[in-house]
Amino acid sequence: MSYNNKTIKELHQLLVNKELSVVELTQSVLTDIEKREPVIDAFLSVNADRALSQAATIDARGVNPEVLTDGISIGVKDNIVTEGLETTAASKILGGWIPPYNATVADKLAENGLITIGKLNMDEFAMGGSGENSSVKPTKNAWNQTKVPGGSSSGSAASVASGEVRLSLGSDTGGSIRQPAAFNGIVGLKPTYGRVSRFGLIAFASSLDQIGPLTPTVEENAQLLNVISGFDKNDGTSSNVAVPDFTSKIGQDIKGMKIALPKEYFGEGIDEKVKEQILAAAKHLEKLGAIVEEVSLPHSKYGVAVYYIIASSEASSNLQRFDGIRYGYRAQDINNLEELYVKSRSEGFGPEVQRRIMLGTFSLSAGSYDKHFKKAGQVRTLIINDFAKVFENYDLILGPTAPTPAWDLGARVDDPIAMYLADLLTIPVNLAGLPGISIPAGFVDGLPVGMQLIGKRYDEATIYQVAGAFEATTDFHQHLPVIFDK
């Protein structure tokens with residue numbers, strides 16, 4: 001029997017009442033994964049034996065009625081380090097690496113009784129927006145398997161949308177949680193930078209990366225953020241701020257709340273049908289009592305250019321550690337140390353990773369640093385200031401998550417610029433370190449459309465309040481696409 005149509009609150013009640021054992025629940029998740037994986041390709045590895053052993057241990061001690069997630073299964077993106085479980089960031093260069101330690105979020109999952117059922121597919125080193133840059137296999141969109149699932153958290157989104165798992169963790173550097181959540185019709189949140197520890201997240205761009213939750217519903221998203229948030233002394237960028245109960249405002253009235261609608265988020269490059277869906281969603285929030293007004297974020301148009309200079313520069317630095325010597329892939333038939341470095345990295349990294357390393361190295365070079373990297377940092381400050389100015393008068397910012405619905409697999413593989421522009425609307429949020437969520441807001445040609453809500457720093461609770469109000473009064477949310485609704 002499958003339980004993938006039940007919320008974690010409902011599952012928790014079944015477990016506490018002993019109407020269902022943790023072993024039975026875990027086995028049902030493994031069965032759902034086995035049935036769906038040949039179509040979706042969301043997992044790089046499934047942790048069946050260890051997961052069932054952990055489930056039996058929880059059954060033996062008894063499910064803790066005070067811990068909502070005790071005994072619940074979760075999928076974890078493959079760039080989050082898990083002790084004893086192969087972690088590769090979907091890259092050949094890390095093939096076979098078994099980490100000797102846990103990421104802080106992995107420890108938090110275990111402390112709250114969550115069972116890591118497996119590691120999820122992704123664009124290699126989180127570099128990509130379609131899921132096609134995995135060195136292993138491309139993940140498929142849960143709603144239409146000829147379409148991309150989005151990226152880089154492709155497996156994290158598709159696994160939840162297809163009913164393989166109820167919960168997953170992804171990472172978001174320029175939209176990598178929100179965009180695949182939008183393409184797959186689920187809820188995905190990028191928390192405020194520093195809200196969730198990055199210790200044990202394989203670094204892409206350290207000033208932008210953030211781990212976050214992907215779930216079918218708004219409340220479950222908030223419940224999972226409760227688990228993974230908090231200060232961590234092992235992360236120098238972790239914020240020592242209070243962690244509220246992120247579910248506390250869900251269900252509250254949004255009457256009088258002020259929501260900004262940036263005109264730049266509805267301009268050139270935005271699909272007309274997507275625009276119609278999001279403007280209709282804004283009208284719906286007005287009916288619920290919110291005040292929606294047009295504003296301007298004038299420097300957001302520079303976001304993509306700024307992002308690809310800063311992110312690629314940080315990546316070129318972070319990925320220097322993969323040299324074929326300490327761990328991971330090592331080239332064969334080499335004659336000297338330089339050849340070992342060059343061949344290991346050339347054979348171990350995929351083409352998109354190599355492209356970004358080269359771009360970043362160029363941006364940081366002596367003749368280009370001031371012209372490119374320094375200038376990008378200055379424009380980043382202007383983008384941050386734009387947001388700050390709007391938030392002086394508004395509670396949230398609303399817009400589409402992505403300019404278009406999911407596109408055909410293979411359609412943009414040879415056009416990196418078109419791929420990069422898919423993150424046009426999500427990138428500024430990362431540059432400013434703000435929290436942002438994508439929630440289902442309709443369909444275009446049978447494919448899900450996501451609405452993005454952007455909040456003030458550390459104010460995820462207000463985002464959840466508005467997202468919850470929208471979800472509760474619309475019928476766009478479905479747990480499973482029809483193909484998997486069985």
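Okay, some ground rules. What you see is a predicted model, where local features need pLDDT of at least 70, side-chain atom pairs count only at pLDDT 80 or more, and totals for chains, interfaces and linings use all residues. Residues are numbered from 1 along each chain as its sequence is written, and side-chain values use heavy atoms, with hydrogens and water left out.

Let's start with the annotation. An unreviewed UniProt entry puts "domain: Amidase" on residues 24-463; UniProt positions follow the numbering used here, feature names are shortened, and annotations may be inferred rather than shown by experiment. Over that stretch the chain is 37% helix and 14% strand. Helices (H or I, at least four residues) and strands (E, at least two) are DSSP runs, numbered from the N terminus.

Lys 77 is buried, at 0% relative accessible area; buried means under 20%, exposed over 50%, and partly exposed in between, with a 1.4 Å probe and protein chains only. Beyond its neighbours within four places in sequence, Lys 77 has contacts including Ser 152 and Ser 176, where contact means heavy atoms within 4.5 Å.

Ser 152 is in the loop between strand S3 (115-120) and helix H5 (154-161). Ser 152 is buried too, with a relative accessible area of 0%.

Now the inside. Outside four places in sequence, Phe 125 is in contact with Phe 204, Phe 322 and Phe 349, among others.

Last stop: two helices. The axes of H11 (residues 351-364) and H12 (residues 369-391) come within 7 Å and cross at roughly 105 degrees. Axes are lines fitted to C-alpha atoms, for helices over the stretch in contact, and angles run from 0 to 180 degrees between N-to-C directions. Phe 362, Ser 363 and Leu 364 in H11 meet Tyr 369, His 372 and Phe 373 in H12.
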